[in-house]
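The exercises below concern one structure and are each followed by a worked solution.

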Amino acid sequence: MELSEFWFLLIGVLFVGFMFLEGFDFGVGMSTRFLARNKEEREIMIKTIGPVWDANEVWLITAGGAMFAAFPHWYASVFSGYYLPFVLLLLALIVRGVSFEFREKGESHAWHRTWDYALLIGSILPPFLVGVLFTSMLKGLPIDAEMNINASFFGDILNLYTIVGGLFFVALSYLHGLFFIGLKTVDDIRARALQQSKKMYVVTGILFIAFVLLTVMQTSATEGKLGFLIMPMFIVGAVLYAALFITMNKHREGLSFLLTGLLFVIVVSSFFVGLFPNVLISSTDVANNISVYNAASGDYSLKIMTYVALTMVPIVLAYTAWTYYIFRKRIKSSKEEVGY
Amino acid sequence: MEELILARLQFASTTLFHFLFVPLSIGLAFIVAIMQTLYVIKKKEVYLKMTKFWGVFFLINFAVGVVTGIIQEFQFGMNWSDYSRFVGDIFGAPLAVEALLAFFLESTFIGIWIFGWKKVPKGIHLMSIWLVSIGTILSAFWILVANSFMQNPVGYAINNGRAEMNDFLAVLSNEKLWVAFPHTIFASFATGAFFIAGVSAWNILKKRDLDLYKRSMNVSLVVGLAAALGIAFSGHSQATYLMHAQPMKMAAAEGLWEDSSDPAAWTVVANIDVENRESTGRIEVPYLLSYLAYSEFSGKVEGMNTLEKEMVEKYGEGSYIPPVKTVFWSFRIMAGLGGVLIVLSGLSLFLAWRKKLETKPWVLKLLIASLFMPYIANSFGWIMSEIGRQPWVVNGLMLTSAGISPNVTAGQILFSLIAFSTIYTILGVIMVMLFIKVIKRGPEEPKEEDVSTTDPFETGGVTHGAK
């Protein structure tokens, strides 16, 4: 494997990690509106992700940084080409990020409501936009000979396929988050999270089917160098989704959570498999496709980065796992000692 | 052209806004870690109260710093895609390393620090805040690795029209990095220290919680004086660095059009006339510029006219002089405030040592004012550094005008500029309001609460939806 291919894989892993981990944070954010019945319940839910959401977001930042370092042309084309979506994503991540800290610092009802909405918007918009980003990248965008994307917001970026992709990411995040709440809370909230997940299972399932059909119909995912993997991956995805039906009805939240997480692994990696060896597909001229090879940094730079990544990623994973171990207990009330 | 101005305005506003929070986070994390260490060693309850009280400011500030930092990382690709293509190989690498080495560390351990008071042993909890502090410092280091390349490109070769890294050690041992990194860290420690000193002074004047605020004052003044002296020494090494690596910036900072005499005098103030290329009405301190530039009392400094002639020969026709007035005055505001901080923290520390600080309300009032000084100095320091590099985005390699995204319209940049500025304003106002609220409320008594979590593997914790 060439170093550039390794970095394409690694960036895929970072996005997978981002959706697996931050996916349930987004889902928990949504449940503060759609599941919680009162302030106390909202605060319990927020608390389930309190110690971990910030580190989970770093997966996205790292993915962005790795794109910049390993594939400058990919980073430059995507971030300038998706200008408006990135502005929206940033605004959403900003209001969500501060909502955790600001919310508890005020007493009034209006204050809490404001940050509740900030958290909600900041939990729905990012998975939607990430879904749109990946689906539209796979479908192809108008890319010129200078590698610049000149995409229209309605049409190239937002269309039936990408909207379905975005909604699928939102729904799967919510489902993922509901199982996380099931794992981290007790009694009534936990029971209702389970009820809700049964409804969301249907919605998410429909979106999943629509997403698979549209991917096959509207993209060239199956025709690429690794295209032969796409159908088997979707079949594994479908089997996992069927298994989820069983674990969910048996009230096995841990297994269900693992399954929705694995579904994110399949779905997010399917974009990378479908794109390879391209990183961006030009809808106007195949000659303008940007590939792993012509977008990559020099070998020297990639080698240095590989040493750093191979050293640091295991360490990061170790202390991340340790954090989840420390905060493994269920949360019963919002009044527990948190230091402040 | 419009795109260039808007993109620069966006970069300036985002960076300046982000850097209001960064230094306070770095400074407070460090000082809070010291306070918690004092608590663990001395086992005095007041140090715990201090840790928690100043920790509240740290956390609010950190949250805003994090979210504005995301824009910071994404805006290179959004507004400066041609720049990103050109330097990604060497500039992106430190950003990726920063995320792996620093962001994960600080975000994970800050979670443990906030939520882990009762969940991890004391020593581990103390380690968490130190790891957060180290994370913030590492983060500053790696972003300065990237910035130093823009100021003084080293360790690269141009291949296929891109700057590609060919010597990582050269990138890491960039001279600019090793003058800028200490300068930035000392400035950050000073920001944290004078923040604590200022808030403590206000409370001491009001005779509130004297024990806690006096101890806080002592810790912050020690850090503050050390940091202020560190700023001055590292600032001096910045100047000597500029002399040979970025002489144009130095000449602009001095408003020096023609070559200076030997020895060179330092200009305190002058009336700079950019159109006629002259600076009049100079008030000068003899020998001082030679000393700043070479650490000795002789040596002349080249003026902008000479330097521009050399650059035209090297790079072709064009104007290579940065906005002189901005650089000149930014330098003076920054350095002047740095001087004030040294004197003020020295004097205050002396008075505190003689137990006389409380009896000198005018000193306390000055300390309140000193809270704002590092913020102003930090901002003007970056303005001097970045404006002084113009018209280059990468010194000598790429012009700023060549770096913007060709596919992004002025309308798009204007939209995002308005959106981000609005959110910055809102965040800024809220943060100040929250700070004032916390200051007025004062430190809270540490409370003993029962921890009522349930282990999911215990029978009591598992109550399947049977309700």
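**Exercise 1. Helix α14(B)**

Which residues of α14(B) are buried?

Solution. The model is a predicted one, and burial is therefore judged by a count: a residue is buried if 20 or more other C-beta atoms lie within 10 Å of its own. In α14(B), Gln412(B), Ile413(B), Ser416(B), Phe420(B), Tyr424(B), Leu427(B) and Met431(B) are buried. The spacing can be read against a general rule: an α-helix has 3.6 residues a turn, so residues three or four places apart point the same way. Next, identify the partners: the buried residues of α14(B) pack against α5 (83–103) of chain A and also against α1 (2–42) and α2 of chain B. Then check the length: the 32 residues of α14(B) reach 46 Å from first to last C-alpha, close to the 46 Å expected at 1.5 Å a residue. Finally, look past the end of the helix, where Gly442(B) follows with a positive phi near 80 degrees.

**Exercise 2. Helix α1(A)**

Determine whether the span of α1(A) agrees with its number of residues, and locate its bend.

Solution. Helix α1 of chain A covers residues 3–34, and its 32 residues should span 46 Å at 1.5 Å a residue. Its end C-alpha atoms are 45 Å apart, which agrees. At Glu22(A), α1(A) bends by about 35 degrees.

**Exercise 3. The largest nonpolar core**

Name the residues that touch the most other members of the largest nonpolar core.

Solution. The core has 273 residues, and those touching the most other members are Ala70(A), Leu90(A), Ile31(B), Trp54(B), Ala96(B) and Ala190(B). The largest share of this core, 22 residues, comes from α3(B). Now take Ile31(B): beyond its neighbours within four places in sequence, its contacts include Trp54(B), Gly192(B), Ala193(B), Ile196(B) and Val219(B).

**Exercise 4. Backbone features**

Solution. The bond from Phe276(A) to Pro277(A) is cis, with omega near 0 degrees, and Pro277(A) lies in the loop between α10 (253–275) and β1 (278–280) of chain A. The bond joining Gln390(B) and Pro391(B) is also cis, with omega about 10 degrees; Pro391(B) is in the loop between α13 (373–387) and β5 (392–394) of chain B.

Solution. Ser295(B), not a glycine, has a phi of about 60 degrees and is found in the loop between α9 (288–294) and α10 (304–315) of chain B. Ser295(B) is exposed, with 12 other C-beta atoms within 10 Å. Lys355(B) has a phi near 55 degrees, and with 9 C-beta neighbours inside 10 Å it counts as exposed.

Note on methods. Residues numbered from 1 in each chain as written. Chains lettered and ligands numbered in written order. Predicted model: local features only at pLDDT ≥ 70, side-chain atom pairs only at ≥ 80, totals over all residues. Core = buried A, V, L, I, M, F, W, Y, C linked by C-beta atoms within 7 Å. Helix = DSSP H or I, 4+ residues; strand = E, 2+ residues; numbered from the N terminus. Contact = placed C-beta atoms within 7 Å. Expected span 1.5 Å × (residues − 1). Bend = angle between axes of the 7 residues up to and from the residue.
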